Amino acid sequence: MHKKLQETIKKYEGYHVHFIETKKFKTIQFIVKFRSPLHRETITKRALLPYILEKGTVNYPTEKSFMRKLDDLYGASLSVDANKQGNHHIINFRLEIANEKFLPYSEGITEEALLLLQEVIFHPHIAGDCFPKEVVRREKITLKNEIEAITDDKVAFSNKRLIEEMCEKERFSIATNGYVEDLPFLNEHNMYTYYEQMLQDDRVDVYVLGDINAKEMEKKITHLFDQKKSISVPIVTEENVVKKEVKNITEIQQIHQAKLHIGYRTNCTLHDEAYAALLLFNGIFGTYPNSKLFQEVREKESLAYYATSRIESHKGLLIVMAGIEGAMSEKTKTIIFKQLEAMQQGDFTEEIVEETKRLYMNDLRETLDHPRGIVELLYQQTYVAHPWSIDTFMERISDVTKEEIVKVANQIELDTVYLLTNEAEVKQDA
């Protein structure tokens, strides 16, 4: 059963702190998020920074000494990574520690852990006035391998290519992991200069989640992040997307299973009242085993090894993904298009609406069973003008009607069709 989560938000000069008090977990999570608008010029630097910052601090300059310190903190875990949300790029610092309440002889562990987190963010290992040259050189190789590995994951590669074509002149087309061609120009000096710029310019949100007392925790945490800087980082809204002819892109590789990815504009994001209806539309259309894509494309027609859809809630996109025999691409597209038409005509029952609500609520409760899931759900609200609580959101889902789902379905417009296949299947399909 879902219990209400109490989120207390404190605004300081330079950052927000979100205290989430819950007795569900025996650990305490500290998650610090640095957010900046996506820029092609800086994306590879931002993608590289987490790799560098994880490699040591002023007091723990080697991976070995850093890991030993984490072990001393009763096996604490600390990670740095980055991701893209809509038109923004987020660098995440995550620290999980055991709650002192449940450990003998552990007084002071929270303060020690917070000092380590502060070091990782604000006092990394440097050599003079820049990052260590060898660390930057090594991590550039790591990032290069990460970027190039996407070519081997054909689902991820096809999704990347679809977004590049679909959002060609929009920020969202910028790759989360950056670009290999940028790497030769990055060095220990310009990386450190950008790191200092990130500290100054990014919006910062600090999340503290666990069986805590918010007032007591506030005393421990606030002075560690007191950077005296502006937090007036604007939310980058959608560009004025010029309506264009539907793009059809076919690319050839030596692959066994073709990938058909179809991109739609939903004309609805998490900022909109219709967002809850859009989520349920997607559930009925292509998310769950009872969905139209699963039942019609995969089960009934046996045209796909998998057929599913997902919503990009910040950008307002619907992405359909199917693994198929390339020779069946035209037939598969036709059936997929028919499923959207069926949704737009209201060709689904009230029973499947209620069943999809139950399935979505189960997914939501599962998300709330994980500290990171709770934080990510709450963090979405930092983008919207009028934030809603998790309980309000659950109520919105429960109240969605079939008519609202049909209405939001009729806002959805086809934008781009991308097919990755092999030459033999292209000839066969022709």
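Author: Gladly! This is a predicted model, where local features need pLDDT of at least 70, side-chain atom pairs count only at pLDDT 80 or more, and totals for chains, interfaces and linings use all residues. Residues are numbered from 1 along each chain as its sequence is written, and side-chain values use heavy atoms, with hydrogens and water left out.

Reader: What is the order of the strands in the open sheet?

Author: Strands are DSSP E runs of at least two residues and helices are H or I runs of at least four, numbered from the N terminus; two strands pair if DSSP finds at least two bridges between them. The open sheet has 6 strands with mixed pairing, in the order β1-β2-β6-β3-β5-β4.

Reader: Which strands stand at the edges?

Author: Each edge strand has a single partner strand, so one of its sides is left without a neighbour in the sheet. These strands are β1 (6-12) and β4 (77-85).

Reader: How many bridges join β1 to β2?

Author: β2 covers residues 15-21 and runs antiparallel to β1. One of the bridges pairs K10 with V17 in β2. The number joining the two strands is 7.

Reader: At what angle do α1 and α6 pack?

Author: Axes are lines fitted to C-alpha atoms, for helices over the stretch in contact (heavy atoms within 4.5 Å), and angles run from 0 to 180 degrees between N-to-C directions. The axes of α1 (residues 43-53) and α6 (residues 188-201) are 10 Å apart. The two helices are therefore roughly perpendicular (65 to 115 degrees). Their packing angle is about 95°.

Technical notes
Angles under 35 degrees count as roughly parallel, over 145 as roughly antiparallel, 65 to 115 as roughly perpendicular and the rest as oblique.
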